[in-house]
Amino acid sequence: MTGTSSFIENAAASLALVREQRPRVHCLMNTVVQKFVADGLAALGAIPSMTSAPEEVEAFARRADALVVNLGTLDEERRTAIRLATAAARNADKPWIVDPVHCDYSPSRLAFTRELIASRPSVVRGNASEMKLIGELSGALRIKTGPIDELALDRHTIRVENGHPHMAQVTGTGCLSGALIAAFMAVEPDRLKAATAALLTSSIAAEIAAERSSGPGTFEALFRDALAALRPEDIIANARISHAEG
């Protein structure tokens, strides 16, 4: 494992690759934030698709370059769609991400989260309380997001220290981070580097937006603008990460 400079340089290069290759990310997303996530992916340069209809979700997941599954609004039809889409992604050897939103609120949601994790997703991303309840993961990249984002795979840990408190005041920024991770994983096979690049992109764009905003309302629009305008050199200049091996 190399030092943090290689992760930062890779993040800058991966941002350029996302813009060049325009990966398609299929999102089984919390219905509250679908537009925010779709707009964020489009601002980055990726192509979002959002259908959760069981009769077509397999086809969309197979055609996509990566899949993100978010449990924010969950019912039986959506559970069916998630099972179909994740099976299609696995069979097509596509990266897929689980965001176990509020698995700490509901026993049935936690049981479904554990069912999905048993199918070996590429990444599991949640907040501190969700990840604490899930516990240890075998084989998946574990991402705990918060004021400092922590990524752990095997014995390696990366901490991303960029970001801004306004991110917690806009519904959907965490959900968008899962979709951005999927986009970066479509162009970078190293999961730890891809996820680091995605979180640096999001958090540095947030810092740039916050400098120009007057509060969370203006921040939301400026954040999307900052994602669209972010340059690889902005990542090089502003990234703050640390690396540990255990």
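These are my notebook entries on what I looked up in the structure.

**Before starting**

I am working with a predicted model, in which local features need pLDDT of at least 70 and side-chain atom pairs count only at pLDDT 80 or more, while totals for chains, interfaces and linings use all residues. Residues are numbered from 1 along each chain as its sequence is written, and side-chain values use heavy atoms, with hydrogens and water left out.

**Entry 1: the whole chain**

I began with the secondary structure and noted ten helices and nine strands in the protein chain; helices (H or I, at least four residues) and strands (E, at least two) are DSSP runs, numbered from the N terminus. The radius of gyration of the chain is 16 Å, close to the 18 Å that the globule rule gives for 246 residues, so the chain is as compact as a globular protein of that length. For this value, the radius is taken over C-alpha atoms, and the globule rule is 2.2 Å times the number of residues to the power 0.38. Along its principal axes, the C-alpha trace spans about 45 × 40 × 35 Å.

I then looked up burial, where buried means under 20% relative accessible area, exposed means over 50%, and partly exposed lies in between (1.4 Å probe, protein chains only). Buried residues make up 54% of the 246 residues. The chain exposes about 10400 Å², of which carbon and sulfur atoms supply 48%; such areas come from the Shrake-Rupley method with a 1.4 Å probe, and for residues only the protein chains shown count as cover. Among contacts (heavy atoms within 4.5 Å), I noted that residues 24 or more positions apart account for 70% of those with a separation of 6 or more.

**Entry 2: helix α2**

Which residues of α2 are buried? I listed F36, V37, A38, G40, L41, A43 and L44, and these buried residues pack against α1 (4–21), β1 (24–28), β2 (47–49), α7 (173–185), α8 and α9. Just after α2, G45 takes a positive phi of about 115°.

D39 forms one with K35, the closest N and O atoms being 2.6 Å apart. Both residues lie in helix α2 (residues 34–44), four residues apart, which is about one turn of the helix. An α-helix has 3.6 residues a turn, so residues three or four places apart point the same way. D39 is partly exposed at 23% relative accessible area, whereas K35 is exposed at 60%.

**Entry 3: other salt bridges**

How many salt bridges does a search of the whole structure find? The search finds eight. Side chains of opposite charge can pair when their charged atoms come close.

In one of these bridges, the side chains of R240 and E207 meet at 3.1 Å, N to O. This pair links distant parts of the chain, with R240 in the loop between α10 (232–238) and β9 (241–245) and E207 in helix α8 (residues 191–212), 33 residues apart. I wrote down that R240 is partly exposed at 38%, while E207 is buried at 14%.

The side chains of D234 and R231 also meet in a salt bridge, at 2.8 Å from N to O; D234 is buried at 12%, and R231 is partly exposed at 42%. Salt bridges that share partners join E76, R83 and E115 into one network.

Is D99 buried or exposed? D99, which lies in strand β4 (residues 96–99), counts as buried because its relative accessibility is 1%. Its side chain makes a polar contact with the side chain of R125 at 2.9 Å; a polar contact is a pair of N or O atoms within 3.5 Å, and within protein one must be able to donate a hydrogen and the other to accept it, with residues adjacent in sequence counting only if both atoms are side-chain atoms. Leaving out residues up to four places away in sequence, D99 touches V69, N70, L71, R125, G174 and C175.

E220 is found in helix α9 (residues 216–229) and counts as partly exposed at 34% relative accessibility. With the neighbours up to four places away again left out, E220 touches F36 and V170.

**Entry 4: positive phi**

H102 has a positive phi of about 60° although it is not a glycine; H102 lies in the loop between β4 and α5 (107–118). R120, likewise not a glycine, has a positive phi of about 65°, and its place is in the loop between α5 and β5 (123–127).

Note on methods
Salt bridge = Lys/Arg side-chain N within 4 Å of Asp/Glu carboxyl O.
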